[in-house]
Amino acid sequence: MRRRLFLSFASLATVAAGGIAFQQSAAQGTVNAISAADKAQGAKANPQLLQEFGGAMKGPQATYVEQVGKTIAVQSGLSNARGDFTVALLNSPVNNAFAIPGGYIYVTRQLVGLMNNEAELAGVLGHEVGHVAARHAAKRESAATRNAILGVLGTVLSGAIFGNTALGQVGQQIFSTGSQLLTLKYSRGQETEADNLGVLYLRRAGYDPRAMSSVLQNLAAQTALDSQISGSGDRMPEWASTHPDPASRVRAALTQAGQARGLTNRDVFLSRIDGLTYGDDPAQGVVEGRNFVHPGFRMAFSAPPGFYLVNGTKSVAISGQSAKGELATAPYNGDLGAYVRTAFSALTEGQATVQDVRSTTVNGIPAAYATRRMTSGGNPVDVTVFAYAWGPQQAFHFATITQAGTLVGTDSQSRPAFDAMFGSMRRISAEEAAAIRPRKIAIATVTARDTVRSLAARMAYTDRPLDRFLVLNGLSANARLVPGQKVKLIVH
């Protein structure tokens, strides 16, 4: 059982489609083969990437993804040897895929679960290989910036709320605990080239090249549904996030595919992902609406109304319109006051310290906290670290940033934005922990008695099961099912 909280909402590789002409060099096979330097660079980065994204899964599902990934990768011209490529299925609940030099290719189980056939899987992996084949990272090296895997929350925090200021960097630090990867933002032309290369590789491998378009459409629908469920408005998708017009990407990929047809291997794909974990892995904690529960740590807390949670591999992010936060952990030697001061210093990269650390007890748990008012762009903000002594050598802490004086609740019951959350931290019983079960993909065969609604009722969700079923299977609201058709369900 993994007993670490993780933050893994990066978008290391993004997809975009636009009007820029397709660059022919990589398509014509004039690509540089994998070099010894590439292999060394990839081998050095691979362990950290695996750690950042939940680790590599093992077993038949991972083996299947590896086979598909190698099949599409050899179409790139980087190498004709399948053994020169390493393909990992990552144990992560976010939709993401990426590749790095040296023949390393990655895709999360969550993104695989969103797909509906093997060609879509090959298309996504082909796009990522295309970035490497076209040497986009090398071409953009001069534009490289330390991204620290901020994802959606860090970008919103440092930009929309705090701006490009010193305190904005504090906001970035909150959402990058332990993540020090160097990432690039590809240009629009490079994204278009990778898109088109993915379509080309599909055609070369005998797959239906239209799969690139359909998987982009699936992702756009899932992203929209996630935003509606969380009430967070327009949230950036973890994959395909550079340009906010999914409709144009879908159309462009379909145009690039042309009239060609090929294999989709739908039934094979569905049979191979049957039983794949979907959503949060209980070993990493589970988000249910505004509630987070970690059975391994026997821990639970609730975010304030109007906030949503994103669980990853090193932390849990909490996001609202005017305040952000995260739950994380750090080394602890039994001195909770020192823990708070160290966490605060790390949060501000040593630019600010706190002396007045207050002690308290939350639901029987020893706790300590400190708040410091700081200035961002001329506006006051409150930075808080609130820590809990979970065991002799284990502590957790919330790190939060709010606009000064931010309150939530009704006028008569308003209180500082995160006070209720700080007070909600509690230990759960062994029985509560044992009752937390993972969700998995189950493949069902449609019978004559089945309808979209009857199948949706079998989904392991109480909120919007019909919408979840439709998006999961790439179906429209008026879709008609055919007996014998295979569909995906999410079950406990």
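Tutor: A residue counts as buried when its relative accessible area is under 20%. Please keep in mind that this is a predicted model.

Student: With that cut-off, what share of the 492 residues of the chain counts as buried?

Tutor: Of the 492 residues, 54% count as buried. The accessible surface of the chain comes to about 20400 Å², and carbon and sulfur atoms account for 50% of that area.

Student: How many helices and strands are there?

Tutor: The chain has 17 helices and 19 strands. Among contacts with a separation of 6 or more, 69% are between residues 24 or more positions apart.

Student: Which strands pair with E10?

Tutor: Strand E9, residues 316-319, pairs with E10 in the antiparallel sense over 4 bridges. Strand E14, residues 394-403, also pairs with E10 in the antiparallel sense, over 7 bridges.

Student: How many residues lie between E9 and E10, and which residue is the bridge partner of Ser-319?

Tutor: E9 and E10 form a hairpin with 3 residues between them. The bridge partner of Ser-319 is Lys-324 in E10. Towards E14, Glu-326 has Ala-399 as its bridge partner.

Student: What is the order of the open sheet of 3 strands?

Tutor: The order is E4-E18-E19, with antiparallel pairing. E4 (277-278) and E19 (486-491) each have a single partner strand and stand at the edges, so one side of each lacks a neighbour in the sheet.

Student: Which helix packs on that sheet?

Tutor: Helix H17, residues 465-472, packs on the sheet and touches E4 and E19. The direction of H17 makes about 135° with that of E19.

Student: And how many bridges join E18 to E19?

Tutor: There are 6 bridges between E18 (residues 439-445) and E19. In one of the pairs, Ala-444 has Val-487 in E19 as its bridge partner.

Student: New topic: the largest nonpolar core. Which of its residues touch the most other members?

Tutor: That core has 67 residues, and Leu-121 and Phe-469 touch the most other members. Helix H5, residues 118-133, supplies the largest share, with 8 residues. In soluble globular proteins, nonpolar side chains tend to be buried together.

Student: Leaving aside neighbours within four places in sequence, what is Leu-121 in contact with?

Tutor: Leu-121 is in contact with Tyr-64, Val-65, Val-68, Val-112, Met-115 and Phe-269. A second, separate core has 25 residues, including Ala-303, Phe-307, Ile-365 and Phe-386.

Student: Which residues of H3 are buried?

Tutor: They are Gln-61, Ala-62, Tyr-64, Val-65, Val-68, Gly-69, Lys-70, Ile-72 and Ala-73.

Student: Finally, the backbone. What is the phi of Arg-298, and where is this residue found?

Tutor: Phi of Arg-298 is near 55°, a positive value in a residue other than glycine. Most residues other than glycine have a negative phi. Arg-298 is found in the loop between strands E6 (291-294) and E7 (299-302), and its 36% relative accessibility makes it partly exposed.

Student: What about the phi of Arg-464?

Tutor: Arg-464, also not a glycine, has a positive phi of about 50°. Arg-464 is found in the loop between helix H16 (452-456) and H17. With a relative accessible area of 33%, Arg-464 is partly exposed.

How values were computed
Residues numbered from 1 in each chain as written. Predicted model: local features only at pLDDT ≥ 70, side-chain atom pairs only at ≥ 80, totals over all residues. Heavy atoms only, no water. Helix = DSSP H or I, 4+ residues; strand = E, 2+ residues; numbered from the N terminus. Buried < 20%, exposed > 50% of the residue type's maximum accessible area, 1.4 Å probe, protein only. Contact = heavy atoms within 4.5 Å. Areas by Shrake-Rupley, 256 points an atom, 1.4 Å probe, with all protein chains shown as cover. Pairing = 2+ DSSP bridges. Axes fitted to C-alpha atoms, helices over the stretch in contact; angles between N-to-C directions. Core = buried A, V, L, I, M, F, W, Y, C linked by side-chain atoms within 4.5 Å.
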